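Please examine the structure shown below.

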Amino acid sequence: MASLLITPGALTLEQLQAIHAGGVTLALDPAARPAIAAAAAVVQRAAAGDAPVYGVNTGFGKLASTRISSDDLATLQRNLIRSHSVGVGEPLAAPVVRLILATKAASLARGASGVRESVVDKLLEIFNAGLVPFIPCQGSVGASGDLAPLAHLTLALMGEGEFVVDGKRKPAAAMLKETGIAPLELAAKEGLGLINGTQVSASLALHGLFAFEPVLEAAIVIGALTVDAAKGSDGPFDPRIHQLRGQPGQIDVAQYYRQLLAGSVIRSSHVEGDDRVQDPYCLRCQPQVVGACLDQLRHAALVLLREANAVTDNPLILDNGTMVSGGNFHAEPVALAADAMANAIAEVGAIAERRIAMLIDSGVSRLPPFLTPNAGLNSGFMIAHVTAAALASENKSLAHPASVDSLPTSANQEDHVSMATFAARRLQPMIDNVAHILAIEFLAAAEGIEFLRPLTSSAPLEAAHAHLRQSVPRFAQDRFMAPDVERATALVHTGALSKVFRAVPALPALWTPA
C-alpha cells in the first residue's frame, strides 16, 4: 500500500484523489510537528490563566460569555462533542470520510489550531486503520464549521460514537478495542478545533468533482459520437474560431472534439454535397457550452484545493502566539464553488438531452424516426428520450443555488450561514442524473452510427462504440431497454469511456490546478 506524506498547506489535487480512492496510508511530515506543539503550548497557557479565552475556558456560540472553571475544561470539550452530535440521515460515503479525516489532520497540523500532536496522530491512525466513522449526511449549515458531522467523527474517535463496517453501524468503543487504538482524550480547545472547520463541505464538493470527472470525459466522447451519427460538421471546432473568443475551456473542448473526430470516414463522406448549412446548437456549440462548464469546474477545483489546505477553525493561534477569533469556519467559498459546479453539471446534462432529441427527430438528424427501422410497430427511443428529459428537468431544480439561502442559528449569534454542506451534497444525485442522460445518448448515437454502415467513425469513437456493443447489441426491434440503459450508465460512471478519452494523444488535462 502506497504511503502519502502529508505536508500541511501543500496537499495536491492528485494526493486528494488518491486519498478519495483509498488504498493509501498517510504520514505527517515531521517538519510540521514543532509548530503544532508550539500552538498547543499557547492553548495550555491560556487554559491555566485567568483571562477568558473563547473555546478554551468559555462556553460556545451564544454562551461565549459564560466562564468555565479550570476543573471543568476537559468536561467542557467532551460535552461539546456529545451535544453537537445531532446529525441525521444516511452515513457519508467512505471516500468522503477519508477526505474529511485527511483534510482535518492537515488543517490541524498547520499549527494554528492549538491541538496537541496526539490529536493529529489519532486522525491519521484512524485513517490508516481503514476505520470509517459514522457521520450522518444532514445537519450542517456550513458556518461555525460543519459542527454536527464533525462532532460525530470526533465522537467515534473518543470511543462514544460509531464506525461503519461493511455497511453496518458498530459501536466505536468495540471497534477501537478490536484494532488496538486507544480512545482520544480531549484537552482544552481540542473538541472545538476538531468540529470547527469546513472539511465536510469541502470533502463533499471534492467528492463531486472527482465523481464527475469520468462522466464529463464520457460526455465529450459521446457528444463527438453524436456529431458523427447525425453527420454533423467538424467546422465549428476550428481552433481559429475559439482563439478569437479566448475562453480557455472552450478552446480545450474544441480540441477534444477535433481530435476525437479526426480520421472519421463518416465525416469525409459528406464534406461535399451536403445541403445543410449549419448544425443545431446542440452539436456546433458544444465547445462553447461544455467549455464554459469546464471553466467553472476548473475554478471550483482551485477553490476546493485551497480549502483542503486551509485552517478553518476558531479561534486561531497566530505566528506571534496570540489567539484571535475570526470566521474562517464560514464555508461561503465552498458553497459558491459547489453552486457553480451544480450549474455546470446540469448544463452538461441539458445539452446532452438536446442531442438525444435531435437524433430521434428524423427531420433534423435524417436518421429513421426514433432510431428504429420500423417506426410505428416499434417506438424505438421515443420514451428513452422522455426519461432523459425528466432527468434534465430534475437537475434544473437541484441546480438552484444553495448559497443564496441563509437561516440564523444559535440565537442569532450565527446570523448568516453558507449552506455549503447541502450545496456540495446535492451534487451526487445530479451527477447520477447526467450519467443516465449520457447513457441514453450513448445508446442513441451508437444506433445512429449503425444506420450509416459500412461507413466508420474515427478510431477513438469506434473504440467507444465497440465498448458498448460488448454488452448492448443493436436495437433491431423494441425490447426491454432499461437494462441496456444501466449497462451504458456503468460505462459512463466507471471510466470505460474515460480510457477512450485519455488514450487520445496530447489532449489538455481536464483540470490540474496550478
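The points that follow are grouped by topic. The model is a predicted one. Two cavities of 30 Å³ or more are counted, and a search of the whole structure finds 23 salt bridges.

**Cavities**

- The largest cavity has a volume of about 50 Å³.
- Its lining includes Leu 371, Phe 381, Phe 475, Asp 478 and Arg 479; by class, the lining of the largest cavity has four nonpolar, three polar and two charged residues.
- The second largest cavity holds about 30 Å³ of space and is lined by Thr 103, Thr 198, Gln 199, Ala 202, Ser 203, Glu 307 and Ala 308.
- Helix 9 (199–229) and helix 14 (286–308) each give two or more residues to the lining of the second largest cavity, and helix 9 gives the most, with three residues.

**Salt bridges between separate parts of the chain**

- Glu 190 and Arg 116 form a salt bridge at 2.6 Å, N to O, and this pair links distant parts of the chain, 74 residues apart.
- Glu 190 is buried, with a relative accessible area of 0%, whereas Arg 116 is partly exposed at 29%.
- Asp 234 and Arg 267 form a salt bridge, with their closest N and O atoms 2.9 Å apart.
- Asp 234 lies in the loop between helix 9 and helix 10 and Arg 267 in helix 12, so the pair ties together parts 33 residues apart in sequence.

**Other salt bridges**

- The side chains of Glu 353 and Arg 354 meet at 2.7 Å, N to O; Glu 353 is buried at 8% relative accessibility, while Arg 354 is partly exposed at 43%.
- A network of salt bridges links Glu 447, Glu 450, Arg 469 and Arg 474.

Methods
Residues are numbered from 1 along each chain as its sequence is written. This is a predicted model: local features need pLDDT of at least 70, side-chain atom pairs count only at pLDDT 80 or more; totals for chains, interfaces and linings use all residues. Side-chain values use heavy atoms; hydrogens and water are left out. On a 1 Å grid over the protein atoms alone, a cavity is a set of points where a 1.4 Å probe fits but cannot get out, and a pocket is an open set with protein on both sides within 12 Å along at least five of seven lines; lining residues have an atom within 4 Å of a point. Grid points are joined across faces, edges and corners, and a volume is the space filled by probe spheres set on the points. Ala, Val, Leu, Ile, Met, Phe, Trp, Tyr, Cys and Pro count as nonpolar, Asp, Glu, Lys and Arg as charged, and the others, Gly among them, as polar. Helices (H or I, at least four residues) and strands (E, at least two) are DSSP runs, numbered from the N terminus. A salt bridge is a side-chain nitrogen of Lys or Arg within 4 Å of a carboxyl oxygen of Asp or Glu. Buried means under 20% relative accessible area, exposed over 50%, partly exposed in between (1.4 Å probe, protein chains only).
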